[in-house]
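User: Hi! Could you walk me through this structure in plain words?
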Amino acid sequence: MNIKIFEGFWGVLLDVAMALIPLFFLFLIFQFIFLKLPWAKLQDILIGFTLTYFGLALFLQGVHIGFLPAGALMGEELGSLHHLWLLIPIGFVLGFVAVYAEPAVSVLTHQVERVSGGYIPNKVLLYTLSVGVGLSIAISMIRILLGIPLWYFIVPGYIFVLIIVRFSTKTFTSIAFDSGGVATGPMTATFILALFVGISSVIEGRDPLVDGFGMVALVALAPILSVLTLGIIYRRKEQEQYDKDQTRTKAHHNHR
Amino acid sequence: MDNIKDTVLEVILSILPITIVITILQFTLIWLPLDMFIQFLIGVLLVGSGLILFLLGVNIGLLPVGEMIGSSLSKTKRVWVIIFFGFLLGLVVTVAEPDVRVLSSQINQVSGGRIPKDILILSVALGVGGFVALAMFRIIFSINIVYLLAGGYALVFILAAFTPSVFVPISFDSGGVTTGPLTVPFILSLGVGAASVMRGKSSSSDGFGLVALASIGPILAVLLLGVIYG
(Lines give C-alpha, C1' and ligand atoms only; values in the text may rest on other atoms or scores of the structure.)
Protein backbone atom coordinates (compact mmCIF):
# COMPACT_ATOMS: atom_id res chain seq x y z
CA MET A 1 0.00 0.00 0.00
CA ASN A 2 1.21 3.42 -0.88
CA ILE A 3 -0.92 5.96 0.92
CA LYS A 4 0.02 9.61 1.20
CA ILE A 5 -1.68 11.88 3.66
CA PHE A 6 0.61 14.78 4.37
CA GLU A 7 2.57 14.91 1.17
CA GLY A 8 3.13 18.53 0.18
CA PHE A 9 1.43 19.82 3.31
CA TRP A 10 4.06 22.53 3.89
CA GLY A 11 3.35 23.95 0.48
CA VAL A 12 -0.36 23.99 1.25
CA LEU A 13 0.22 25.73 4.58
CA LEU A 14 2.22 28.42 2.82
CA ASP A 15 -0.39 28.73 0.08
CA VAL A 16 -3.18 29.19 2.62
CA ALA A 17 -1.16 31.82 4.46
CA MET A 18 -0.86 33.74 1.20
CA ALA A 19 -4.61 33.35 0.74
CA LEU A 20 -5.59 34.74 4.13
CA ILE A 21 -2.95 37.42 4.72
CA PRO A 22 -4.58 40.04 2.45
CA LEU A 23 -7.93 39.71 4.24
CA PHE A 24 -6.25 39.80 7.64
CA PHE A 25 -4.24 42.85 6.64
CA LEU A 26 -7.34 44.69 5.46
CA PHE A 27 -9.01 43.85 8.75
CA LEU A 28 -6.05 45.32 10.68
CA ILE A 29 -6.31 48.56 8.70
CA PHE A 30 -10.00 48.81 9.55
CA GLN A 31 -9.33 47.92 13.14
CA PHE A 32 -6.90 50.81 13.57
CA ILE A 33 -8.78 53.41 11.55
CA PHE A 34 -12.49 52.73 11.99
CA LEU A 35 -13.39 49.80 14.21
CA LYS A 36 -11.13 50.01 17.29
CA LEU A 37 -12.64 46.85 18.73
CA PRO A 38 -11.97 45.89 22.35
CA TRP A 39 -9.55 43.05 23.09
CA ALA A 40 -12.27 40.48 23.91
CA LYS A 41 -13.91 40.94 20.52
CA LEU A 42 -10.52 40.91 18.86
CA GLN A 43 -9.77 37.56 20.46
CA ASP A 44 -12.86 35.99 18.86
CA ILE A 45 -11.82 37.25 15.48
CA LEU A 46 -8.29 35.92 15.88
CA ILE A 47 -9.68 32.51 16.86
CA GLY A 48 -11.90 32.71 13.80
CA PHE A 49 -8.96 33.43 11.53
CA THR A 50 -6.94 30.58 13.07
CA LEU A 51 -9.77 28.08 12.56
CA THR A 52 -10.26 29.30 9.00
CA TYR A 53 -6.55 28.92 8.35
CA PHE A 54 -6.32 25.29 9.48
CA GLY A 55 -9.69 24.45 7.99
CA LEU A 56 -8.70 25.75 4.60
CA ALA A 57 -5.36 23.94 4.82
CA LEU A 58 -6.97 20.57 5.61
CA PHE A 59 -9.58 21.11 2.91
CA LEU A 60 -6.99 21.85 0.23
CA GLN A 61 -4.78 18.99 1.41
CA GLY A 62 -7.71 16.60 1.07
CA VAL A 63 -8.46 17.90 -2.39
CA HIS A 64 -4.82 17.58 -3.48
CA ILE A 65 -4.02 14.15 -2.15
CA GLY A 66 -7.48 12.61 -2.52
CA PHE A 67 -10.00 14.29 -4.79
CA LEU A 68 -7.84 15.42 -7.68
CA PRO A 69 -5.81 12.23 -8.27
CA ALA A 70 -8.70 9.86 -7.51
CA GLY A 71 -11.15 11.97 -9.50
CA ALA A 72 -8.88 12.01 -12.52
CA LEU A 73 -8.26 8.24 -12.37
CA MET A 74 -11.94 7.45 -11.87
CA GLY A 75 -12.72 9.75 -14.79
CA GLU A 76 -10.23 7.88 -16.95
CA GLU A 77 -11.86 4.57 -16.04
CA LEU A 78 -15.34 5.93 -16.75
CA GLY A 79 -14.17 7.43 -20.04
CA SER A 80 -12.88 4.05 -21.20
CA LEU A 81 -16.12 2.21 -20.48
CA HIS A 82 -17.58 0.12 -23.23
CA HIS A 83 -20.97 1.78 -23.00
CA LEU A 84 -20.15 5.46 -22.84
CA TRP A 85 -23.81 6.47 -22.78
CA LEU A 86 -23.80 5.27 -19.16
CA LEU A 87 -21.99 8.52 -18.32
CA ILE A 88 -25.18 10.48 -18.95
CA PRO A 89 -27.32 8.81 -16.25
CA ILE A 90 -24.29 8.73 -13.93
CA GLY A 91 -23.93 12.48 -14.38
CA PHE A 92 -27.61 12.96 -13.64
CA VAL A 93 -27.43 10.92 -10.43
CA LEU A 94 -24.31 12.76 -9.23
CA GLY A 95 -25.97 16.13 -9.77
CA PHE A 96 -29.24 15.04 -8.21
CA VAL A 97 -27.77 13.69 -4.97
CA ALA A 98 -25.30 16.57 -4.69
CA VAL A 99 -28.13 19.07 -4.51
CA TYR A 100 -30.77 17.02 -2.77
CA ALA A 101 -28.95 16.99 0.58
CA GLU A 102 -27.07 20.29 0.26
CA PRO A 103 -27.82 22.54 3.27
CA ALA A 104 -27.45 25.77 1.29
CA VAL A 105 -30.22 24.53 -0.97
CA SER A 106 -32.60 23.84 1.88
CA VAL A 107 -32.11 27.40 3.11
CA LEU A 108 -33.11 28.61 -0.34
CA THR A 109 -36.13 26.33 -0.70
CA HIS A 110 -37.53 27.37 2.67
CA GLN A 111 -37.00 31.00 1.81
CA VAL A 112 -39.01 30.56 -1.39
CA GLU A 113 -41.74 28.70 0.45
CA ARG A 114 -42.01 31.62 2.88
CA VAL A 115 -42.14 34.45 0.34
CA SER A 116 -44.68 32.59 -1.79
CA GLY A 117 -46.87 32.18 1.26
CA GLY A 118 -46.61 28.41 1.05
CA TYR A 119 -47.83 28.29 -2.55
CA ILE A 120 -44.49 26.87 -3.66
CA PRO A 121 -43.75 24.16 -1.06
CA ASN A 122 -40.05 23.65 -0.35
CA LYS A 123 -40.21 20.10 -1.72
CA VAL A 124 -41.30 21.38 -5.15
CA LEU A 125 -38.33 23.69 -5.45
CA LEU A 126 -36.02 21.03 -4.02
CA TYR A 127 -37.02 18.53 -6.70
CA THR A 128 -36.94 21.17 -9.44
CA LEU A 129 -33.42 22.11 -8.38
CA SER A 130 -32.15 18.57 -7.97
CA VAL A 131 -33.47 17.61 -11.38
CA GLY A 132 -32.11 20.87 -12.80
CA VAL A 133 -28.59 20.28 -11.54
CA GLY A 134 -28.80 16.60 -12.50
CA LEU A 135 -29.67 17.70 -16.04
CA SER A 136 -26.83 20.26 -16.01
CA ILE A 137 -24.27 17.58 -15.24
CA ALA A 138 -25.87 15.10 -17.64
CA ILE A 139 -25.73 17.77 -20.38
CA SER A 140 -22.08 18.39 -19.52
CA MET A 141 -21.46 14.65 -20.06
CA ILE A 142 -23.21 14.88 -23.44
CA ARG A 143 -20.99 17.88 -24.21
CA ILE A 144 -17.87 15.78 -23.60
CA LEU A 145 -19.18 12.78 -25.53
CA LEU A 146 -20.16 14.80 -28.61
CA GLY A 147 -17.64 17.65 -28.27
CA ILE A 148 -20.26 20.42 -28.29
CA PRO A 149 -18.91 23.87 -27.37
CA LEU A 150 -20.12 25.35 -24.07
CA TRP A 151 -21.48 28.26 -26.09
CA TYR A 152 -24.45 26.33 -27.40
CA PHE A 153 -25.78 25.95 -23.89
CA ILE A 154 -24.63 29.02 -22.05
CA VAL A 155 -25.81 31.68 -24.51
CA PRO A 156 -29.39 30.41 -24.85
CA GLY A 157 -29.41 29.79 -21.10
CA TYR A 158 -28.60 33.37 -20.17
CA ILE A 159 -30.79 34.87 -22.88
CA PHE A 160 -33.64 32.77 -21.57
CA VAL A 161 -32.92 34.03 -18.03
CA LEU A 162 -32.99 37.67 -19.14
CA ILE A 163 -36.29 37.08 -20.97
CA ILE A 164 -38.16 35.30 -18.21
CA VAL A 165 -37.03 37.90 -15.68
CA ARG A 166 -39.65 40.13 -17.30
CA PHE A 167 -42.41 37.74 -16.28
CA SER A 168 -41.27 36.94 -12.78
CA THR A 169 -42.06 38.90 -9.62
CA LYS A 170 -39.43 41.18 -8.10
CA THR A 171 -38.97 39.04 -5.01
CA PHE A 172 -38.39 35.91 -7.05
CA THR A 173 -35.96 37.73 -9.32
CA SER A 174 -33.90 38.83 -6.32
CA ILE A 175 -33.84 35.35 -4.84
CA ALA A 176 -33.02 33.76 -8.20
CA PHE A 177 -30.04 35.96 -8.91
CA ASP A 178 -28.45 35.28 -5.56
CA SER A 179 -29.11 31.55 -5.72
CA GLY A 180 -26.51 30.75 -8.40
CA GLY A 181 -24.03 29.61 -5.79
CA VAL A 182 -26.17 27.24 -3.78
CA ALA A 183 -25.82 24.32 -6.15
CA THR A 184 -22.05 24.48 -6.57
CA GLY A 185 -21.35 22.81 -3.23
CA PRO A 186 -17.97 21.65 -1.96
CA MET A 187 -17.90 18.54 -4.17
CA THR A 188 -18.76 20.13 -7.51
CA ALA A 189 -15.79 22.33 -8.28
CA THR A 190 -13.39 19.84 -6.72
CA PHE A 191 -14.21 16.17 -7.18
CA ILE A 192 -16.80 16.22 -9.98
CA LEU A 193 -14.64 18.63 -11.96
CA ALA A 194 -11.62 16.35 -11.59
CA LEU A 195 -13.81 13.48 -12.78
CA PHE A 196 -14.73 15.50 -15.87
CA VAL A 197 -11.13 16.36 -16.64
CA GLY A 198 -10.30 12.65 -16.34
CA ILE A 199 -13.12 11.60 -18.65
CA SER A 200 -12.27 14.16 -21.31
CA SER A 201 -8.60 13.21 -21.22
CA VAL A 202 -9.29 9.65 -22.43
CA ILE A 203 -12.05 10.24 -24.98
CA GLU A 204 -10.52 10.66 -28.37
CA GLY A 205 -10.52 14.12 -29.90
CA ARG A 206 -11.38 15.90 -26.67
CA ASP A 207 -9.25 18.55 -25.03
CA PRO A 208 -9.65 18.47 -21.24
CA LEU A 209 -9.18 22.22 -21.11
CA VAL A 210 -12.03 22.93 -23.55
CA ASP A 211 -14.40 20.02 -22.91
CA GLY A 212 -13.70 19.14 -19.27
CA PHE A 213 -14.33 22.61 -17.90
CA GLY A 214 -17.62 24.48 -18.22
CA MET A 215 -19.60 22.09 -16.04
CA VAL A 216 -19.59 24.41 -13.01
CA ALA A 217 -21.07 27.20 -15.13
CA LEU A 218 -23.98 25.01 -16.24
CA VAL A 219 -24.60 23.87 -12.66
CA ALA A 220 -24.68 27.49 -11.50
CA LEU A 221 -27.34 28.28 -14.09
CA ALA A 222 -29.78 25.62 -12.84
CA PRO A 223 -30.98 27.32 -9.62
CA ILE A 224 -31.46 30.67 -11.37
CA LEU A 225 -33.65 29.06 -14.02
CA SER A 226 -35.57 26.95 -11.49
CA VAL A 227 -36.43 29.81 -9.16
CA LEU A 228 -37.40 32.16 -12.00
CA THR A 229 -39.66 29.55 -13.59
CA LEU A 230 -41.42 28.86 -10.30
CA GLY A 231 -41.69 32.65 -9.91
CA ILE A 232 -43.68 32.84 -13.13
CA ILE A 233 -46.01 30.07 -12.00
CA TYR A 234 -46.51 31.87 -8.70
CA ARG A 235 -47.26 35.17 -10.41
CA ARG A 236 -49.85 33.46 -12.63
CA LYS A 237 -51.61 32.20 -9.57
CA GLU A 238 -51.51 35.64 -7.97
CA GLN A 239 -53.00 37.12 -11.13
CA GLU A 240 -55.79 34.52 -11.15
CA GLN A 241 -56.53 35.23 -7.53
CA TYR A 242 -56.70 38.93 -8.31
CA ASP A 243 -59.05 38.36 -11.28
CA LYS A 244 -61.28 36.15 -9.19
CA ASP A 245 -61.48 38.77 -6.47
CA GLN A 246 -62.31 41.40 -9.08
CA THR A 247 -65.19 39.40 -10.57
CA ARG A 248 -66.47 38.60 -7.13
CA THR A 249 -66.57 42.26 -6.13
CA LYS A 250 -68.25 43.11 -9.41
CA ALA A 251 -70.84 40.39 -8.93
CA HIS A 252 -71.40 41.69 -5.46
CA HIS A 253 -71.95 45.20 -6.80
CA ASN A 254 -74.38 44.01 -9.47
CA HIS A 255 -76.30 42.11 -6.94
CA ARG A 256 -76.89 45.27 -4.97
CA MET B 1 -22.21 24.31 20.78
CA ASP B 2 -25.35 24.24 18.62
CA ASN B 3 -23.37 26.12 16.05
CA ILE B 4 -20.76 23.34 15.96
CA LYS B 5 -23.38 20.60 15.72
CA ASP B 6 -25.16 22.38 12.88
CA THR B 7 -21.95 22.94 10.98
CA VAL B 8 -20.88 19.31 11.32
CA LEU B 9 -24.27 18.12 10.11
CA GLU B 10 -24.20 20.62 7.26
CA VAL B 11 -20.83 19.42 6.03
CA ILE B 12 -21.74 15.74 6.32
CA LEU B 13 -24.93 16.32 4.33
CA SER B 14 -23.11 18.06 1.52
CA ILE B 15 -20.31 15.50 1.20
CA LEU B 16 -21.78 12.12 2.09
CA PRO B 17 -24.31 11.57 -0.74
CA ILE B 18 -21.75 11.92 -3.53
CA THR B 19 -19.25 9.81 -1.60
CA ILE B 20 -21.84 7.03 -1.42
CA VAL B 21 -22.58 7.22 -5.14
CA ILE B 22 -18.85 7.16 -5.91
CA THR B 23 -18.36 4.17 -3.61
CA ILE B 24 -21.12 2.29 -5.43
CA LEU B 25 -19.55 3.17 -8.78
CA GLN B 26 -16.13 2.09 -7.55
CA PHE B 27 -17.34 -1.42 -6.80
CA THR B 28 -19.51 -1.80 -9.91
CA LEU B 29 -17.88 0.05 -12.80
CA ILE B 30 -14.63 1.73 -11.85
CA TRP B 31 -12.58 -0.76 -9.80
CA LEU B 32 -9.64 1.51 -9.03
CA PRO B 33 -6.76 -0.13 -7.16
CA LEU B 34 -7.77 -0.29 -3.51
CA ASP B 35 -5.05 2.05 -2.22
CA MET B 36 -6.17 4.76 -4.62
CA PHE B 37 -9.73 4.37 -3.39
CA ILE B 38 -8.57 4.58 0.23
CA GLN B 39 -6.66 7.68 -0.74
CA PHE B 40 -9.97 9.11 -2.00
CA LEU B 41 -11.68 8.26 1.30
CA ILE B 42 -8.88 9.95 3.25
CA GLY B 43 -9.43 12.94 1.00
CA VAL B 44 -13.11 12.90 1.96
CA LEU B 45 -12.18 12.91 5.66
CA LEU B 46 -9.69 15.75 5.28
CA VAL B 47 -12.04 17.81 3.13
CA GLY B 48 -14.89 17.23 5.56
CA SER B 49 -12.98 18.14 8.70
CA GLY B 50 -11.30 21.04 6.93
CA LEU B 51 -14.65 22.38 5.81
CA ILE B 52 -16.06 22.15 9.33
CA LEU B 53 -13.15 24.17 10.78
CA PHE B 54 -13.32 26.59 7.89
CA LEU B 55 -17.04 27.29 8.25
CA LEU B 56 -16.75 27.67 12.03
CA GLY B 57 -13.88 30.10 11.58
CA VAL B 58 -15.80 32.05 8.98
CA ASN B 59 -18.80 32.33 11.28
CA ILE B 60 -16.85 33.26 14.40
CA GLY B 61 -14.29 35.56 12.89
CA LEU B 62 -14.70 36.49 9.27
CA LEU B 63 -18.40 37.25 8.86
CA PRO B 64 -18.60 39.59 11.86
CA VAL B 65 -15.63 41.40 10.34
CA GLY B 66 -17.51 41.68 7.04
CA GLU B 67 -20.58 43.10 8.75
CA MET B 68 -18.62 45.58 10.84
CA ILE B 69 -16.65 46.75 7.86
CA GLY B 70 -19.86 47.09 5.85
CA SER B 71 -21.57 49.26 8.43
CA SER B 72 -18.50 51.34 9.29
CA LEU B 73 -18.01 52.02 5.58
CA SER B 74 -21.57 53.15 5.18
CA LYS B 75 -21.20 55.55 8.08
CA THR B 76 -18.43 57.42 6.29
CA LYS B 77 -21.07 58.48 3.74
CA ARG B 78 -18.31 59.10 1.25
CA VAL B 79 -19.16 57.43 -2.02
CA TRP B 80 -15.65 56.86 -3.28
CA VAL B 81 -14.52 55.36 0.05
CA ILE B 82 -17.34 52.82 -0.07
CA ILE B 83 -16.66 51.93 -3.68
CA PHE B 84 -12.90 51.66 -3.16
CA PHE B 85 -13.15 49.41 -0.11
CA GLY B 86 -15.89 47.38 -1.78
CA PHE B 87 -13.34 46.68 -4.48
CA LEU B 88 -10.59 45.78 -1.99
CA LEU B 89 -12.88 43.51 0.01
CA GLY B 90 -14.10 41.66 -3.07
CA LEU B 91 -10.46 41.17 -4.03
CA VAL B 92 -9.12 39.84 -0.73
CA VAL B 93 -12.11 37.61 -0.01
CA THR B 94 -11.88 35.92 -3.41
CA VAL B 95 -8.19 35.22 -2.93
CA ALA B 96 -9.15 33.20 0.17
CA GLU B 97 -12.09 31.35 -1.41
CA PRO B 98 -11.43 27.57 -1.38
CA ASP B 99 -13.16 26.71 -4.67
CA VAL B 100 -11.32 29.44 -6.53
CA ARG B 101 -7.99 28.01 -5.39
CA VAL B 102 -8.95 24.46 -6.32
CA LEU B 103 -10.22 25.47 -9.75
CA SER B 104 -7.09 27.44 -10.56
CA SER B 105 -4.75 24.69 -9.50
CA GLN B 106 -6.71 22.27 -11.71
CA ILE B 107 -6.51 24.66 -14.66
CA ASN B 108 -2.81 25.16 -14.00
CA GLN B 109 -2.31 21.40 -14.02
CA VAL B 110 -4.46 20.62 -17.07
CA SER B 111 -2.97 23.43 -19.13
CA GLY B 112 0.51 22.18 -18.23
CA GLY B 113 1.39 25.48 -16.56
CA ARG B 114 0.38 27.63 -19.55
CA ILE B 115 -2.25 29.33 -17.42
CA PRO B 116 -0.44 29.85 -14.09
CA LYS B 117 -2.42 29.50 -10.90
CA ASP B 118 -1.50 32.81 -9.30
CA ILE B 119 -2.28 34.88 -12.37
CA LEU B 120 -5.65 33.18 -12.67
CA ILE B 121 -6.51 33.72 -9.00
CA LEU B 122 -5.47 37.34 -9.27
CA SER B 123 -7.59 38.02 -12.34
CA VAL B 124 -10.63 36.27 -10.82
CA ALA B 125 -10.16 38.35 -7.66
CA LEU B 126 -9.79 41.59 -9.62
CA GLY B 127 -12.96 40.70 -11.48
CA VAL B 128 -14.92 40.10 -8.29
CA GLY B 129 -13.50 43.28 -6.73
CA GLY B 130 -14.44 45.37 -9.75
CA PHE B 131 -17.98 44.08 -9.80
CA VAL B 132 -18.49 44.41 -6.05
CA ALA B 133 -17.47 48.04 -6.50
CA LEU B 134 -19.99 48.30 -9.32
CA ALA B 135 -22.62 46.73 -7.09
CA MET B 136 -21.93 49.31 -4.37
CA PHE B 137 -22.29 52.02 -7.01
CA ARG B 138 -25.61 50.48 -8.03
CA ILE B 139 -26.90 50.45 -4.47
CA ILE B 140 -25.91 54.07 -3.86
CA PHE B 141 -27.42 55.37 -7.10
CA SER B 142 -30.21 52.74 -7.21
CA ILE B 143 -29.66 51.52 -10.74
CA ASN B 144 -31.87 48.63 -11.88
CA ILE B 145 -30.01 45.36 -11.46
CA VAL B 146 -31.48 43.86 -14.64
CA TYR B 147 -29.82 46.52 -16.81
CA LEU B 148 -26.43 45.87 -15.22
CA LEU B 149 -26.80 42.11 -15.64
CA ALA B 150 -27.92 42.44 -19.26
CA GLY B 151 -25.07 44.86 -19.98
CA GLY B 152 -22.58 42.62 -18.19
CA TYR B 153 -23.58 39.53 -20.12
CA ALA B 154 -23.65 41.42 -23.42
CA LEU B 155 -20.04 42.42 -22.71
CA VAL B 156 -19.20 38.81 -21.83
CA PHE B 157 -20.57 37.53 -25.13
CA ILE B 158 -18.73 40.20 -27.12
CA LEU B 159 -15.41 39.54 -25.37
CA ALA B 160 -15.84 35.80 -25.80
CA ALA B 161 -15.81 36.27 -29.56
CA PHE B 162 -12.29 37.72 -29.35
CA THR B 163 -10.74 35.27 -26.93
CA PRO B 164 -9.16 31.88 -27.74
CA SER B 165 -11.84 29.19 -27.36
CA VAL B 166 -9.79 27.50 -24.62
CA PHE B 167 -10.57 30.37 -22.28
CA VAL B 168 -14.36 30.29 -22.64
CA PRO B 169 -15.20 27.27 -20.42
CA ILE B 170 -12.55 28.29 -17.89
CA SER B 171 -13.92 31.80 -17.62
CA PHE B 172 -17.50 30.66 -17.04
CA ASP B 173 -16.35 28.16 -14.45
CA SER B 174 -14.44 30.93 -12.69
CA GLY B 175 -17.70 32.83 -12.46
CA GLY B 176 -19.32 29.75 -10.94
CA VAL B 177 -16.76 29.10 -8.24
CA THR B 178 -16.64 32.63 -6.85
CA THR B 179 -20.02 32.00 -5.24
CA GLY B 180 -18.44 29.97 -2.46
CA PRO B 181 -18.91 29.67 1.31
CA LEU B 182 -16.75 32.71 2.08
CA THR B 183 -17.53 35.16 -0.70
CA VAL B 184 -21.32 34.92 -0.70
CA PRO B 185 -22.04 35.67 2.98
CA PHE B 186 -19.25 38.24 3.09
CA ILE B 187 -20.43 40.18 0.06
CA LEU B 188 -24.09 39.89 1.06
CA SER B 189 -23.47 41.31 4.52
CA LEU B 190 -21.44 44.11 2.99
CA GLY B 191 -24.23 44.94 0.57
CA VAL B 192 -27.01 44.76 3.12
CA GLY B 193 -25.01 47.00 5.44
CA ALA B 194 -24.39 49.52 2.70
CA ALA B 195 -28.00 49.48 1.51
CA SER B 196 -29.50 49.95 4.97
CA VAL B 197 -27.33 52.87 6.03
CA MET B 198 -26.94 54.62 2.70
CA ARG B 199 -30.49 55.65 2.23
CA GLY B 200 -32.10 55.17 5.58
CA LYS B 201 -35.29 53.81 4.13
CA SER B 202 -34.91 50.10 4.24
CA SER B 203 -35.24 48.46 0.88
CA SER B 204 -33.42 45.27 1.71
CA SER B 205 -34.02 44.02 -1.82
CA ASP B 206 -31.29 46.41 -2.97
CA GLY B 207 -28.69 44.24 -1.33
CA PHE B 208 -29.80 41.49 -3.69
CA GLY B 209 -28.27 40.68 -7.02
CA LEU B 210 -24.81 41.20 -5.55
CA VAL B 211 -23.88 37.56 -6.00
CA ALA B 212 -25.03 37.50 -9.60
CA LEU B 213 -23.08 40.67 -10.36
CA ALA B 214 -20.02 39.42 -8.51
CA SER B 215 -19.90 36.31 -10.66
CA ILE B 216 -19.89 38.27 -13.94
CA GLY B 217 -16.65 40.02 -12.94
CA PRO B 218 -14.42 36.95 -13.02
CA ILE B 219 -15.89 35.78 -16.34
CA LEU B 220 -14.93 39.10 -17.89
CA ALA B 221 -11.52 39.13 -16.21
CA VAL B 222 -10.57 35.64 -17.39
CA LEU B 223 -11.85 36.34 -20.91
CA LEU B 224 -9.67 39.47 -20.93
CA LEU B 225 -6.76 37.36 -19.75
CA GLY B 226 -7.43 35.15 -22.77
CA VAL B 227 -7.40 38.13 -25.12
CA ILE B 228 -4.04 39.17 -23.66
CA TYR B 229 -2.59 35.64 -23.89
CA GLY B 230 -4.06 34.98 -27.32
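User: How many Å separate the centres of domain 1 and domain 2 of chain A?
Analyst: In this predicted model, the two centres, taken over C-alpha atoms, are 30 Å apart.

User: And which residues belong to each domain of chain A?
Analyst: Domain 1 of chain A covers 7–79 and domain 2 covers 83–255; such bounds come from an automatic or database domain assignment. Residues are numbered from 1 along each chain as its sequence is written, and chains are lettered from A in the order in which they are written. Local features need pLDDT of at least 70 and side-chain atom pairs count only at pLDDT 80 or more, while totals for chains, interfaces and linings use all residues.

User: How many residues of the two domains are in contact?
Analyst: Eleven residues of domain 1 of chain A are in contact with twelve of domain 2 of chain A. Being in contact means that C-beta atoms, placed from the backbone, lie within 7 Å.

User: Switching topic: how many residues of chain A are in contact with chain B?
Analyst: On chain A there are 83, in contact with 76 residues of chain B. Helix H2(A) gives the largest share of chain A's side, 27 residues. Helices here are DSSP runs (H or I, at least four residues), numbered from the N terminus.

User: Now helix H7 of chain B: is it mostly covered or open?
Analyst: Mostly covered: H7(B), residues 167–177, has eleven of its eleven residues buried, including Phe167(B), Ile170(B) and Asp173(B). Buried means 20 or more other C-beta atoms within 10 Å of a residue's own, with C-beta atoms placed from the backbone.

Definitions and conventions: Buried ≥ 20, exposed ≤ 12 C-beta atoms within 10 Å, placed from the backbone. Helix = DSSP H or I, 4+ residues; strand = E, 2+ residues; numbered from the N terminus.
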